[in-house]
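Subject: Structure for your files

Hello,

Here is the structure you were expecting, followed by notes on what was found in it. Please read the notes with the coordinates open.

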Amino acid sequence: MADFKGKHILTGKQFTREEIERILQVAENFKEELKSRPSLDLTRGQILATLFFEPSTRTRLSFESAMLRLGGSVIGFAEASTSSTAKGESLEDTILTVCQYADVIAMRHPQMGSAEKAAKVSTVPILNGGDGAGQHPTQALLDMLTIKTEKGKIDGMTVSLVGDLKHGRTVHALVELLKHYKVNLIFVAPEELRMPQEITESMKSYSVPTKETDSLSSALKESDVVYMTRVQKERFADPAQYEKLKGAFILTRALVDKAKPGLTIMHPLPRVTEITTDVDSYEGAAYFRQVKNGLYVRMALIALVLGKV
Amino acid sequence: MADFKGKHILTGKQFTREEIERILQVAENFKEELKSRPSLDLTRGQILATLFFEPSTRTRLSFESAMLRLGGSVIGFAEASTSSTAKGESLEDTILTVCQYADVIAMRHPQMGSAEKAAKVSTVPILNGGDGAGQHPTQALLDMLTIKTEKGKIDGMTVSLVGDLKHGRTVHALVELLKHYKVNLIFVAPEELRMPQEITESMKSYSVPTKETDSLSSALKESDVVYMTRVQKERFADPAQYEKLKGAFILTRALVDKAKPGLTIMHPLPRVTEITTDVDSYEGAAYFRQVKNGLYVRMALIALVLGKV
Amino acid sequence: MADFKGKHILTGKQFTREEIERILQVAENFKEELKSRPSLDLTRGQILATLFFEPSTRTRLSFESAMLRLGGSVIGFAEASTSSTAKGESLEDTILTVCQYADVIAMRHPQMGSAEKAAKVSTVPILNGGDGAGQHPTQALLDMLTIKTEKGKIDGMTVSLVGDLKHGRTVHALVELLKHYKVNLIFVAPEELRMPQEITESMKSYSVPTKETDSLSSALKESDVVYMTRVQKERFADPAQYEKLKGAFILTRALVDKAKPGLTIMHPLPRVTEITTDVDSYEGAAYFRQVKNGLYVRMALIALVLGKV
């Protein structure tokens with residue numbers, strides 16, 4: 001059985017299918033156990049450090065809640081301005097210091113590769129909570145858990161990924177996990193924000209059927225799952241181009257009603273305008289359940305790297 | 001008996017006299033129990049989220065200490081700059097997210113009506129820790145507990161409310177609770193900052209005798225309790241007017257010595273100059289005991305909405 | 001035996017040799033106990049407030065981890081901008097408020113004398129985590145513990161203190177403790193940043209042999225321990241002077257290899273350039289073990305002032 005004790009969780013690329021399934025299974029067990037009590041007693045006396053060199057309330061609170069629900073405690077910082085980094089300390093020295101205080105570290109950093117840099121010196125497991133344009137493996141795992149629990153399985157699903165596929169860290173991380181499954185992928189993006197070629201080619205090498213389109217409505221007609229992400233104005237050289245396109249990547253209730261029946265709707269959040277609020281009451285709108293799955297997946301990862309499962 | 005399980009605490013207006021007394025009684029029980037041990041074991045494994053979209057160290061630490069003294073844990077943020085709000089997320093989405101992590105939410109927000117907005121979507125109880133010029137019910141309840149424990153009862157008391165009665169959130173919230181009791185109220189304010197007419201009329205409809213004056217010294221001669229608040233320069237159109245008036249609403253030891261014997265002095269804190277520090281050693285100076293009562297009242301509210309009493 | 005229950009820890013000057021040894025001994029006991037379990041159960045239900053009016057992630061996380069490893073809980077703030085201070089509240093009022101929430105307070109403040117000011121009104125023990133150019137006793141104690149555990153003893157050691165000895169709070173605090181021991185001190189600094197005369201004279205009055213030099217390499221030839229600190233550009237009236245001097249106070253691996261065998265290297269951290277990273281793999285490089293000793297010393301102080309040892 002996959003053993004994670006003492007391991008770092010740095011990128012979606014590091015996992016085999018067996019390992020993904022092990023993590024999802026532990027997460028589902030925790031979900032079940034939390035039905036009868038508010039928290040477990042697995043990591044009593046242990047400390048998680050949440051080092052957020054870049055603010056992300058959602059991810060930080062999810063990690064913290066996960067550690068508390070496991071029975072442990074939390075220290076940390078929510079933004080770099082209050083950290084030693086502001087005094088010119090290297091990331092490596094900060095990590096070597098925090099290792100003396102904590103049993104496991106969850107970090108977010110604006111620079112790509114930071115988690116790996118931290119892992120090189122750390123004496124405790126590092127959980128990458130997002131590093132710039134790099135990886136965000138805990139998000140990808142919670143997305144996998146959401147597909148599994150919403151649809152009952154992952155194999156056989158047609159999944160549309162929508163929005164800024166060029167820069168989107170979460171979609172990049174997600175397809176790295178999906179490629180281990182028998183899925184069909186539809187990449188829905190404006191020309192300017194298409195999925196990078198290296199990813200489409202990586203999918204090919206794993207024999208994952210993919211197709212590209214800029215029509216959300218047509219993709220929805222054959223999708224079991226749609227994964228919405230934000231299209232940011234700043235990504236366009238020509239603002240007029242943005243104004244022209246943005247409406248085409250907004251999911252409305254009208255669109256949902258014409259989609260393939262049973263559609264599951266996901267979003268990494270925070271959403272701004274990508275999903276209109278009239279979609280929220282649709283039963284396949286899974287984005288807040290997705291948040292809860294983040295809790296279970298992070299509990300699983302913390303427990304696994306601490307050797308408590 | 002009043003049942004608060006699963007309820008939101010949004011405004012002082014929501015309470016009946018019976019409910020106020022239930023909360024104060026639970027708070028007094030906790031005060032008694034904490035004499036023999038540092039904390040209780042009522043909310044073990046449960047999580048309070050403190051969402052402070054506007055900083056307020058005092059209120060935040062009070063809620064956090066309350067949850068810890070009950071045996072629970074805390075997650076949260078101290079200012080909006082580190083929250084998803086900065087990324088354009090709606091208050092409703094933030095609340096729907098945090099509901100997935102926590103069992104109860106205490107929030108402070110700069111905009112009036114925010115707590116009610118949050119309560120509309122929340123799946124866990126919301127405790128309003130102040131929303132703009134709106135309500136601040138936990139402050140009002142701790143003020144009630146302070147009058148009760150300092151004087152032994154609330155009925156029969158003459159209470160002077162002093163300072164900026166026009167904008168003062170805490171005094172507005174407090175009179176909403178006092179109106180259920182047989183009290184006499186004296187509103188002590190400069191002409192520009194008088195208690196709003198709708199409140200004086202609401203008091204009339206509850207048969208609460210009120211009178212208005214701009215003389216603090218005369219009010220003190222007949223008051224059992226004086227509740228001081230700040231008069232802020234920014235509230236005056238004419239700064240010269242502020243300079244002329246401010247001295248008239250400062251409580252000094254000399255004034256206290258000429259007041260009705262046994263006077264109890266309260267202040268929601270932080271104070272700047274409204275009470276001179278030579279008053280601190282006066283035995284009726286209750287403002288730091290008032291802080292402690294905030295702990296007991298918030299413990300009571302958390303335990304009640306979680307159904308733990 | 002030295003009794004610390006209810007005492008404030010404000011300055012290195014307050015300790016007798018017996019008291020220093022008591023603290024180090026308790027710290028060593030905790031270090032031993034933590035080998036077999038992640039935390040103790042000594043302060044269950046008690047609350048530490050960390051009031052950081054000036055950010056210091058390292059010191060704050062160390063105090064918080066210490067309280068959690070003892071079994072207690074933590075509330076607090078990481079910077080003054082989110083505290084009531086921003087609303088004009090006096091330090092004394094902030095402390096009188098926090099006393100109502102917590103059982104012990106650790107504070108850092110930019111102004112010298114703040115810890116003493118806080119202690120004057122506090123009803124719970126104050127632990128000074130650094131106050132401006134003033135004291136930083138917990139740092140000094142962890143430095144002592146590091147010398148003791150690295151060398152086996154403190155008496156008989158030759159200790160070089162290097163860098164900005166004029167302004168360096170940590171070196172000033174450390175010599176206040178070292179003076180109770182039979183040590184030889186070498187003060188290594190540029191002319192502009194020499195150890196203040198009152199300290200060199202205080203050492204004389206305790207019969208501690210001292211000498212001054214601006215040559216790091218010569219000092220290293222007779223040192224058992226070298227304590228590096230930062231030389232900050234801002235301290236020099238003439239920037240050219242800084243550029244000329246800075247290289248002379250940087251510890252490199254080449255220098256270490258020519259030093260007295262067995263040299264122990266310490267640094268209060270964060271380091272910027274004072275010790276090159278090629279020194280990190282040298283077995284006498286003790287600066288990250290020093291961080292861990294900070295945890296044990298702070299655990300000892302919290303437990304002692306709470307009367308839990």
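Leaving aside neighbours within four places in sequence, which residues is Ala27(C) in contact with? Before the answer, please note that this is a predicted model.

Ala27(C) and its contacts

The contacts of Ala27(C), with neighbours within four places in sequence left aside, are Leu145(C), Tyr296(C), Val297(C), Met299(C) and Ala300(C). Ala27(C) itself sits in helix H1 of chain C, which runs over residues 17-33. In sequence, 118 residues separate Ala27(C) from Leu145(C), yet their C-alpha atoms are 8.1 Å apart in space. Is Ala27(C) buried or exposed? Ala27(C) has 27 other C-beta atoms within 10 Å, and the cut-off for buried is 20 or more, so Ala27(C) counts as buried.

Helix H11 of chain C

Helix H11 of chain C covers residues 287-305, 19 residues in total. From its first C-alpha to its last, H11(C) reaches 27 Å, close to the 27 Å expected at 1.5 Å a residue. Of those 19 residues, 17 are buried, so H11(C) is largely enclosed by the rest of the structure. Just after H11(C) comes Gly307(C), with a positive phi of about 70 degrees.

How the chains relate

Where chains C and B touch, 20 residues of chain C are in contact with 21 residues of chain B. On the chain C side, strand E2 (73-77) and helix H3 (91-98) each supply at least two residues. H3(C) gives the most to that side, with 4 residues. By class, the chain C side of this contact has 7 nonpolar, 9 polar and 4 charged residues.

Chain A: overall form and domains

Chain A contains 11 helices and 9 strands. Along the principal axes, the C-alpha atoms of chain A fill a box of roughly 55 × 45 × 40 Å. A compact globule of 309 residues would have a radius of gyration near 19 Å, and chain A agrees with this at 19 Å. Of the 309 residues of chain A, 55% count as buried. Among contacts in chain A with a separation of 6 or more, 74% come from residues 24 or more positions apart.

The domain assignment divides chain A into domain 1 (12-135 + 294-305) and domain 2 (138-290). The C-alpha centres of these two domains of chain A lie 26 Å apart. Where they meet, 20 residues of domain 1 of chain A are in contact with 16 residues of domain 2 of chain A. Which elements give two or more residues to the domain 1 side of that contact in chain A? They are helix H1 (17-33), strand E4 (126-131) and helix H11 (287-305) of chain A. The domain 1 side in chain A divides by class into 10 nonpolar, 6 polar and 4 charged residues.

Regards

Terms used. Residues numbered from 1 in each chain as written. Chains lettered and ligands numbered in written order. Predicted model: local features only at pLDDT ≥ 70, side-chain atom pairs only at ≥ 80, totals over all residues. Contact = placed C-beta atoms within 7 Å. Nonpolar A, V, L, I, M, F, W, Y, C, P; charged D, E, K, R; others polar. Buried ≥ 20, exposed ≤ 12 C-beta atoms within 10 Å, placed from the backbone. Expected span 1.5 Å × (residues − 1). Domains from an automatic or database assignment. Rg over C-alpha atoms; globule rule 2.2 N^0.38 Å.
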